[in-house]
Amino acid sequence: MLITCPYCGPRDVIEFTYQGDGNRQRPQPASQDLDAWNAYVYDRLNPAGDHNEIWQHSGGCRAHLKVVRNTLTHEISSVAFARGDHKAAMRHKAEGKS
Amino acid sequence: MVERQSPLELAPLELELRTGSHGDFEHGIDVILSETRPGSILQLAAWPGQEKKLIAGIRTVTGLALPDGAGAGSTDGVRSVFGFAPGKFTVVDEAEGLGLAFANVVTPAIGTVTDLSHGRTAIRIAGPKAEWVLAKFFAIDFALPAFPVGAGRSTMHHDVFAQIQRTGADQFDIYVFRSFARSFWKALCHASEEVGYEVQ
């Protein structure tokens with residue numbers, strides 16, 4: 001499996017570290033909404049198909065990346081830096097546009 | 001600065017740095033390995049949005065202009081610079097004290113300067129088979145059009161993180177963690193045996 005890092009180019013998956021489900025929405029640290037925390041910690045979509053994920057290019061530029069990977073074929077359809085537009089992406093998702 | 005000793009020369013593995021010809025050298029020496037021992041190895045990082053100021057600062061101090069693009073870099077044989085991550089650069093000088101030269105140029109508002117001179121070991125591999133030997137180590141494209149002179153790459157070999165800069169058409173400088181340098185050097189020697197190598 002190759003992941004095309006936006007900075008380094010195509011690299012073997014061995015250089016990358018999986019950082020978890022990219023769909024999670026972390027509640028505000030002070031939040032006492034237990035359902036929101038429960039969803040953040042436990043609820044996963046587990047789709048058979050395209051999946052939003054966070055990966056880190058730990059064996060390269062060390063950037064965190066937003067990756068869309070197909071869980072059936074391992075096809076990577078999108079890679080972008082996680083930094084910067086993360087909040088915009090979260091808003092996008094919250095508005096039900098994803 | 002504290003006096004440095006090469007990790008390749010520490011007992012009991014001082015024999016690792018055996019100068020002379022090794023491996024299958026009867027048919028010619030296709031790779032030359034050496035430790036370059038630069039006086040300064042720095043890591044410079046810009047805060048988001050401050051990258052251009054940092055690049056200008058690098059030019060002011062080193063005289064080296066950074067070309068555009070990810071992993072771009074340049075070298076004049078004495079000083080070298082290359083990008084290894086977004087907004088982050090490795091700067092190397094044969095002389096010590098480069099960190100002090102940056103102190104007044106890269107201000108806290110622009111970014112950070114981290115002196116890694118004691119933490120990295122610089123290994124040079126040169127010769128007509130340098131590309132070929134490195135291709136056994138790292139799953140990246142070493143061909144000249146894909147990896148031009150001056151450019152840098154961050155990658156790893158068996159979990160040993162390595163920064164590689166091409167400093168000539170058939171010459172690469174590899175920066176590895178000092179604590180991994182001896183095992184990496186040994187592996188590089190083994191990999192070079194079949195093409196014949198010389199340690200300088």
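Modeller: In this predicted model, two residues are in contact if their C-beta atoms, placed from the backbone, lie within 7 Å.

Biologist: How many residues does the contact take from chain B and from chain A?

Modeller: On that criterion, 11 residues come from chain B and 9 residues from chain A. Strand 5 (79-85) and strand 9 (152-157) of chain B each supply at least two residues of the side of chain B that touches chain A. Strand 9 of chain B gives the most to that side, with 4 residues.

Biologist: What makes up the side of chain B that touches chain A, by class?

Modeller: This side has 7 nonpolar, 3 polar and 1 charged residues.

Biologist: What share of the residues in chain B is buried?

Modeller: A residue is buried if 20 or more other C-beta atoms lie within 10 Å of its own; 42% of the 200 residues in chain B are buried.

Biologist: Which domains does the assignment give for chain B?

Modeller: The domain assignment gives domain 1 (12-37 + 119-199) and domain 2 (40-115) of chain B. Their C-alpha centres lie 24 Å apart. The contact between them takes 11 residues from domain 1 of chain B and 12 residues from domain 2 of chain B.

How values were computed. Residues are numbered from 1 along each chain as its sequence is written. Chains are lettered from A and ligands numbered from 1 in the order in which they are written. This is a predicted model: local features need pLDDT of at least 70, side-chain atom pairs count only at pLDDT 80 or more; totals for chains, interfaces and linings use all residues. Ala, Val, Leu, Ile, Met, Phe, Trp, Tyr, Cys and Pro count as nonpolar, Asp, Glu, Lys and Arg as charged, and the others, Gly among them, as polar. Domain bounds come from an automatic or database domain assignment. A residue is buried if 20 or more other C-beta atoms lie within 10 Å of its own, exposed if 12 or fewer, and partly exposed in between; C-beta atoms are placed from the backbone.
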